[in-house]
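Let's take a friendly walk through this model, starting from one spot and then stepping back to the whole chain.

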Amino acid sequence: MALVALLVVCAVIALVMQSDRDTSTEAKRRSIAVAQTFAHSPGVVQALRTPDPTKVLQPLTEAGRRSAGVDFIVVMNTKGIRYTHPMPSKIGKRFVGTIGPSLAGKVYTESVHGPLGHEVQATVPIDDAQGHVVALVSAGLKVKNVTSEMDRQLPLILAAGAVALVVASGVTILVGRWLRRQTRSLAPDEMTRMYEHHDTVLHSVREGVLIVGEDGRLLLANDEARRLLELPPEAEGRHVRELSGLDADMVELLDSGRTATDEVHFAGGRLLAVNQRPTERPGCPQGIVMTLRDSTELQAVSGRAEVTRERLELLYDAGLGIGTTLDVVRTADELARVAVPRFADFVTVDLADAVLHGEEPAPTATDLRRVAVSGIRDDHPLYEKGRLIDFVPSTPQARGYGGRSELVADLTTADGWFAQDPQRTRQILDFGIHSLIAAPIRARGVVLGIANFWRSKREPFDAEELSLAEELVARAAVSIDNARRYTREHALAVTLQRSLLPRALPEQSALDVAYRYLPAQSGVSGDWFDVIPLPGSRVALAVGDVVGHGLHAAATMGRLRTAVHNFATLDLPPDELLGHLDDLVGRIDQDEAGAEPAAEIVGATCLYAIYDPVTRRCVMARAGHLAPALVLPDGTAEFLDLPAGPPLGLGGMPFQTAEAEIPEGSRLVLYTDGLVEDRRRDLDEGMELLRRALAGHPGRSPEESCRAVLGELLPERPKDDVALLVAETRALPADRVADWDVPREPAAVSGMRLAVSERLEQWGLAELGFGMELVLSELITNAIRYGSDPVHVRLIHDRTLICEVADGSSTSPHLRYAATTDEGGRGLFLVSQLAERWGTRYTPQGKVIWAELALPDLTEALPLEVPDM
């Protein structure tokens, strides 16, 4: 009751202080509100500008003061001289208070001793339309009026305190009665008897109970706990670490004080289920309570359940860990690793050698290749990985290969097993391996190999574990078979792709070429390249990329490469060739879209270049492909500025050519995006790496350039296929080329025959003079008769003797068979019979008719150096 009274008195004092503060705050708030209201009232600024502001403002302030409930409203100028005041005698005198903050535009409250006594006042500025302070207004209350307001509230506060005291006293009495009801008004002897009953129950239950204090000392142990833990009689009162009968795990659990729920601990040869909770209820001493149940009879059941759980976990992990790749050897190794040491001490996997090549296995256990070995030790005497094994029919492996798993619980009694290799089997037994399961790896009714599970450090295999081994192998068999079929399909696809790519480079004298092609990890794709000899000792270089992987991309690549060869035979310039190739890709898309509505649109890029060793000029065009790199003889590397055309198949956009003069000994580098583009770097970074790999080695051969570029840009197997072509340019010596301008007169033919004969004698080819004269006469005669100016003849001594006759006409002669009665029409027939090849190519100035005659001795031609790829 005294505490309640003290609390009520404190509350009354607090309310009085709060009322005083609230009254003062309210007085300041009212003063500010009245002053601001008057300062913003209409007409105040105009009144201040009149000759006598007091005459206008004094009645207004008095009326506002009485209506607002304040003691005064004073209007003053910016120097503090009053215009109004409740006491007229104070008008015209200086205001008592601080006006500086208000002149700065702020509201200022203060308590001062003014004309009315102790006052609480608020001063605010009066602003004109431009925001300038033109006057001040102050409103406030006398402190005694504020105090009287608080005095009027004091009786109410005291009355409330008295009521609270009465109510609290009543509640205290009610709570006391409630507590007596809760204890049932027990007397001391009755409480003693109740605790005796609780003690009897505590020591009679078949569940052990331990109570440990906050300091780690044992406070209580019932009879069942003493029996289960074999505690000494004087255990209570001692620290749990001093009790020798407790197991170390049990002592650690009691000493930690953590919460435990049905944890299993071994103590005194018993399996105990332990629960532990801290005593955290209010009013209770701090400590922990532990309960113990003897679950020794459940040990066997729980052991079997644990074994079952481990086996299920093993099968689950096998489902996740086996078959992560489409690699036969990797899948077999995953099977071996997942079973060691959780199921077996050693695991070996033997697959039919044909399976490794994607073929169907043999029906007998011969030619089995050991592809995976895993064990708890590396010094085992089992056959090593990679060995080819022929199991004799009496071995468990050979019988298991027949389709049924073999369980050998004791290898010492397996006579048929000794027949395989007596010396090695003796080493295996001496090593300690004593039990074996040989399970066939079977998929779709076909046995692919055998999985062998060996034990040396644990109990021999039993029938239940044989079923587990079969389940493990069955899960791996599907993945191994999928990998085998993928290997077969991949080999077929690679064979197809290799057949579509160039097997050897053609003979030519204009370029020294080296190349590399690297397939992607995912298999075949559509990157390709080509080197195509053209008439006039020229050579065409092509490189392209078909988007995607698989047989579809490889087949499309083959079609495009064939088309490039056909268009190159027509001797088309690069832009026209790419235009025809673009039309072909568009037709492929239309055909496939009509056959299969869901077929993918072909995406392809191509770069086509023609190099002329006579003029050392190269004409190039590209369709969505990366620009080629040029390495000059001094080792400087740069990327050629080549107009970028759209990828093949889009149509509608013409392709542009670029022509560059390339010094002899320069290296022209063509490549696909797989060389420079990777997920770990962007395209610009890859091209800069390529430029640095090519630069700074002026004397490096094309073969060395290929090796260096791949070594620096592709340290590992690429994720995308890569085609790389490095061509070092050669120039035909000037003394191997002869040029003549021919007037369009029939008499000029004989003069050209004489000039050509002289040049052939200089070259040591006089024996070709008769045939060349006939060919040249026919070609020049046709140009004079049917062509137009200018007529030009060029003779090239290369691997063959090449004769070219150019004129300004675009009409081309055609070979025909003349009748016996025809006077003409046999000229081109003679040309075709005397020449190895002949044909026509068109130029922007007209056409060129050319013919090639074989040399009598190839050793006189320019040497050809084709690098060994």
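E685 sits in helix α17, which covers residues 683-694; helices here are DSSP runs of H or I with at least four residues, strands are runs of E with at least two, and both are numbered from the N terminus. With 41% relative accessibility, E685 counts as partly exposed, a label for values between the buried class (under 20% relative accessible area) and the exposed class (over 50%), using a 1.4 Å probe and protein chains only.

E685 also belongs to a negative surface patch, together with E677, D682 and D684. Patch members have over 30% relative accessible area and no salt bridge, and like charges are joined within 9 Å.

Now move on to L710, in helix α18 (residues 702-713). L710 is buried, at a relative accessible area of 11%.

Stepping back, the protein chain has 21 helices and 31 strands. Of its 869 residues, 45% count as buried. Contacts (heavy atoms within 4.5 Å) tell another part of the story: among those between residues at least 6 apart in sequence, 61% join residues at least 24 apart.

Please keep in mind that this is a predicted model, where local features need pLDDT of at least 70, side-chain atom pairs count only at pLDDT 80 or more, and totals for chains, interfaces and linings use all residues. Residues are numbered from 1 along each chain as its sequence is written, and side-chain values use heavy atoms, leaving out hydrogens and water.

Terms used. Patch = residues over 30% accessible without salt bridge, like charges linked within 9 Å, V, L, I, M, F, W, Y side chains within 5 Å. Areas by Shrake-Rupley, 256 points an atom, 1.4 Å probe, with all protein chains shown as cover. Salt bridge = Lys/Arg side-chain N within 4 Å of Asp/Glu carboxyl O. Lys, Arg positive; Asp, Glu negative; His and termini not counted. Charge placed at Lys NZ, Arg CZ, Asp CG, Glu CD.
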